[in-house]
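Biologist: Before we discuss any single residue, could you take me through this model and set each label against the criterion behind it?

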Amino acid sequence: MTSRVTATKETSAKTKSKAPAASAGAINLGAPFDPFSSSDPFGDDKPSIERSVGKTADKIHIRLQQRNGRKTITTVAGIPDKYDPRKLLKAMKKEFACNGHVVHSADSDEEDSPAPGKKDEHGKVLQFQGDQRASVKQFLVQSGLLTEKEAKDQIVIHGY
């Protein structure tokens, strides 16, 4: 009787110590993690659909920046290069009855920017005095630069 009890204990110990096979339903989800690898985890390894969705280059950003006190500046970045920013600025200044100017970034070919120091890479940025966010959007639609449907997709208004 003792031999039968020890035999069952040995068989149960053998079945418990067996580890599951490595190939039993395990799927490799990617390269093994190596904390010392020189690859960039946030690099351009994204699929191509993620590169095309949500591009900021094709959007027009309208922002409100606080100056000093109650003074504000409205900035418009991302105007397509096919439009002359100086002509747009002149028409908008006349329409909104405010002052404004064009600020060139470092990647443009003109380097006569009045802005000192580090320049941003947003192309040619239009700046207007005061809160002109709604007026700029309405002007772009009414002048025929964008349709109403395109304005919903391409114009992003930032600020409170």
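Modeller: Helices here are DSSP runs of H or I with at least four residues, strands are runs of E with at least two, and both are numbered from the N terminus. On that basis the protein has five helices and five strands, and their order from the N terminus is α-α-β-β-α-β-β-α-α-β. The model is a predicted one.

Biologist: How do you know which parts of the prediction carry confidence, and what pLDDT does the protein average?

Modeller: The average pLDDT is 74, and 52% of the residues score at least 70. Local features are described where pLDDT is at least 70. Over residues 48–54 the pLDDT stays under 50, and for that stretch the model has two contacts beyond four places in sequence.

Biologist: Why is Q127 called buried?

Modeller: The cut-off for buried is a relative accessible area under 20%, and Q127, at 17%, falls below it, so Q127 counts as buried. Q127 is found in strand 4, a strand that is mostly covered, with four of its five residues buried. Leaving out residues up to four places away in sequence, Q127 touches I73, T74, T75, L89, N99, G100, H101 and V103.

Biologist: What makes strand 2 and strand 4 a pair, and in which sense do they run?

Modeller: Pairing requires that DSSP find at least two bridges between the strands; strand 2 and strand 4 are joined by four and run antiparallel, so they qualify as a pair.

Biologist: Why is R63 called partly exposed?

Modeller: The partly exposed class lies between the buried cut-off of 20% and the exposed cut-off of 50%, and R63 has a relative accessibility of 28%, so R63 belongs to that class. R63 has its place in strand 1 and, apart from neighbours within four places in sequence, is in contact with I73, T74, T75, A77 and H158. The C-alpha atoms of R63 and A77 are separated by 8.3 Å, although these residues are 14 apart along the chain.

Biologist: How do you know that the buried residues of helix 4 are on the same side of it?

Modeller: The buried residues of helix 4, which spans residues 133–142, are R133, V136, F139 and L140. They cover an arc of only 130° around the axis, and therefore they lie on the same side of helix 4. As a general point, an α-helix has 3.6 residues a turn, so residues three or four places apart point the same way. The exposed residues A134 and Q142 are carried by the face of helix 4 turned away from its buried side. The cover over the buried residues of helix 4 includes strand 1, strand 2, helix 3, strand 4 and strand 5.

Biologist: Which residues have the most contacts inside the largest nonpolar core, and which elements give two or more residues to it?

Modeller: The largest nonpolar core has 19 residues, and those with the most contacts inside it are I60, V76, M92, L126, F128 and V136. Strand 1, helix 3, strand 4 and helix 4 are the elements that give two or more residues to this core, with helix 3 providing the largest share, four residues. M92 touches L126, F128, V136, F139 and L140, not counting residues up to four places away in sequence.

Biologist: What makes A97 count as exposed, and where does A97 lie?

Modeller: Exposed means a relative accessible area over 50%, and A97 reaches 70%, so the label applies. A97 lies in the loop between helix 3 and strand 3, and A97 has a positive phi of about 55° although it is not a glycine. Just after helix 4, G144 also takes a positive phi, of about 95°.

Biologist: Which residues is L145 in contact with, beyond its neighbours within four places in sequence?

Modeller: Those contacts are with Y83, L88, L140 and E150.

Key. Residues numbered from 1 in each chain as written. Predicted model: local features only at pLDDT ≥ 70, side-chain atom pairs only at ≥ 80, totals over all residues. Heavy atoms only, no water. Buried < 20%, exposed > 50% of the residue type's maximum accessible area, 1.4 Å probe, protein only. Arc of directions from axis to C-beta. Contact = heavy atoms within 4.5 Å. pLDDT = per-residue confidence, 0-100. Core = buried A, V, L, I, M, F, W, Y, C linked by side-chain atoms within 4.5 Å.
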